[in-house]
Amino acid sequence: MLGGAGLLLGVSAAPAQAAEVSYATECVPPPISGLPPVQGTTTVAITAPARAKTGDEVEIVWTFVKAASKNPDILDLGEDTVQPTGTLKAAGAQTADVVLRGPRENPPIPKGGEMKLSAMKGTLKLTSPGEVTLTPDAYTINVNKPISTDTACAPKEAVRPAATITVTDGGEPTDEPTDPTGEPTPTPSESTPDAVTGKEVRVPYACKTPIGDKNATSPVRIDARRDGGGFALTVRFRGSVMDSPADIPKGSVKPSMQVVLGGADRGTVRVEGPANAEDIKAGDPIEIPDLTGVYRPGASGRSTLSPGVLTVEALGTTTTCTPEKSEVSLTLDTTQQEGGASGGGSAGGTAGAAAGGAAAAGGLAATGADDHGTLKALGLVAGTALLLGGAVFTFLPGRPR
């Protein structure tokens, strides 16, 4: 069943290994269902290379042998309407959260039937020699019809590792910049890898839309890559494709976010997405790509990054979503740069507008959107409801949070 699934993107890996693990799991159905949490057992098989070298990027496959929950006795699920996403914990020689995603592929699932979930895949770049253990963690099941809903499943006990990769020193050259003599040039945050994957956090937003106030919760992850004296940031809204409820013309959707700095640094960093490049027709799928920007540290030390205010301009209207609380998604070792972010109310590098009074009240600021990065995720339903990417935000008018 798992033959050939452990693809290694580098060429130095040993053949794939596959191992199963089971763990007690609690699955929380979407609020609109009115159903209580479900207790069950998840059984998964993790496929990964048995051996690899530092510098290799390996593919990891998570195959559901058995999901913890069944399809509730509410409605039948159609073919290719279910998509899983999840997180796998890497530990040992290196620590990382590996985000995995499966395709939206499933047979029809009747009411009360076993959930048939596609295999999820993700990649991990190996940075340190030693043993790296892979342990399955939480996962989310998205159903996109008749509306987009998420069921969140999380372990209720300590989970044992399902696979181990033995990593040897590859002896490959690093990506560190060099001076004309060929010697490595000192870079900020030597203890921070060139690419750092943040932790996915669930952010409860209070949104002010053109038609009134709405509440929504979104899974968000902040990743970083060293870029000269600063860091190139990518903010990822995890979610899956949904059908657009209305026609959306090209060039009408422009999002931005203020990433909030903490720890050693202060201020906000602006990340942005461009307007949608093509028309989105009613019934067509809506994609949810990424928001990007650049962070220039304003202080030396351990600096934290958390999702902040999200602003979306669409069809001449503005929606502003402010986190009611926000967890740290990413921690970086930073070295102060001239013109950096520290100062409590300023944005770092290309961070744009100052946070002002909102920053003083928690480092959050609402601003308009510009154009850089990626996101196509907005449906405006005939002036009645505003949806930002089905699995990112689903507003449920008339229901308490």
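Student: How many aromatic pairs does the structure hold?

Tutor: The structure holds 4 aromatic pairs. Rings of Phe, Tyr and Trp (its six-membered ring) pair if their centres lie within 6.5 Å; planes under 30 degrees apart count as stacked, over 60 as edge-to-face and the rest as tilted. Keep in mind that this is a predicted model, where local features need pLDDT of at least 70, side-chain atom pairs count only at pLDDT 80 or more, and totals for chains, interfaces and linings use all residues. Residues are numbered from 1 along each chain as its sequence is written, and side-chain values use heavy atoms, with hydrogens and water left out.

Student: Why is the pair of Trp 62 and Tyr 139 called edge-to-face?

Tutor: The ring centres of Trp 62 and Tyr 139 are 6.0 Å apart and the planes stand at 70 degrees, so the pair is edge-to-face. Trp 62 belongs to strand E4 and Tyr 139 to strand E8 (residues 130–143), so parts 77 residues apart in sequence are tied together. Helices (H or I, at least four residues) and strands (E, at least two) are DSSP runs, numbered from the N terminus. Ring pairs also link Trp 62, Phe 64 and Tyr 139 into a cluster.

Student: What makes the pair of Phe 231 and Tyr 295 stacked?

Tutor: Here the planes of Phe 231 and Tyr 295 are at 25 degrees and the centres 6.2 Å apart, so this pair is stacked. Phe 231 sits in strand E14 (residues 230–237) and Tyr 295 in strand E19 (residues 290–295), so the pair joins parts 64 residues apart in sequence.

Student: How do you know whether Phe 231 is buried or exposed?

Tutor: Buried means under 20% relative accessible area, exposed over 50%, partly exposed in between (1.4 Å probe, protein chains only). Phe 231 has 1% relative accessibility, so Phe 231 counts as buried. Tyr 295, at 0%, is buried too.

Student: And why does Thr 149 count as buried?

Tutor: Its relative accessibility is 18%, so Thr 149 counts as buried. Thr 149 lies in strand E9 (residues 149–155). Leaving aside neighbours within four places in sequence, Thr 149 is in contact (heavy atoms within 4.5 Å) with residues including Pro 30 and Ile 141.

Student: What makes Cys 27 and Cys 153 a disulfide?

Tutor: A disulfide is a pair of cysteine sulfur atoms within 2.5 Å, and the S to S distance of Cys 27 and Cys 153 is 2.1 Å. Cys 27 lies in strand E1 (residues 16–28) and Cys 153 in strand E9, so the pair ties together parts that are 126 residues apart in sequence. Both Cys 27 and Cys 153 are buried.

Student: Why is the disulfide of Cys 207 and Cys 321 called right-handed?

Tutor: The torsion about the S-S bond of Cys 207 and Cys 321 is about 115 degrees, so the disulfide is right-handed. Their sulfur atoms are 2.0 Å apart. Cys 207 is in strand E12 (residues 201–209) and Cys 321 in strand E22 (residues 317–323), 114 residues apart.

Student: What is the average pLDDT of the protein chain?

Tutor: The protein chain averages a pLDDT (the predictor's confidence in each residue, from 0 to 100) of 75, and 71% of the residues score at least 70. Over residues 343–401 the pLDDT is below 50. Where pLDDT is low, the predicted coordinates should not be read in detail.
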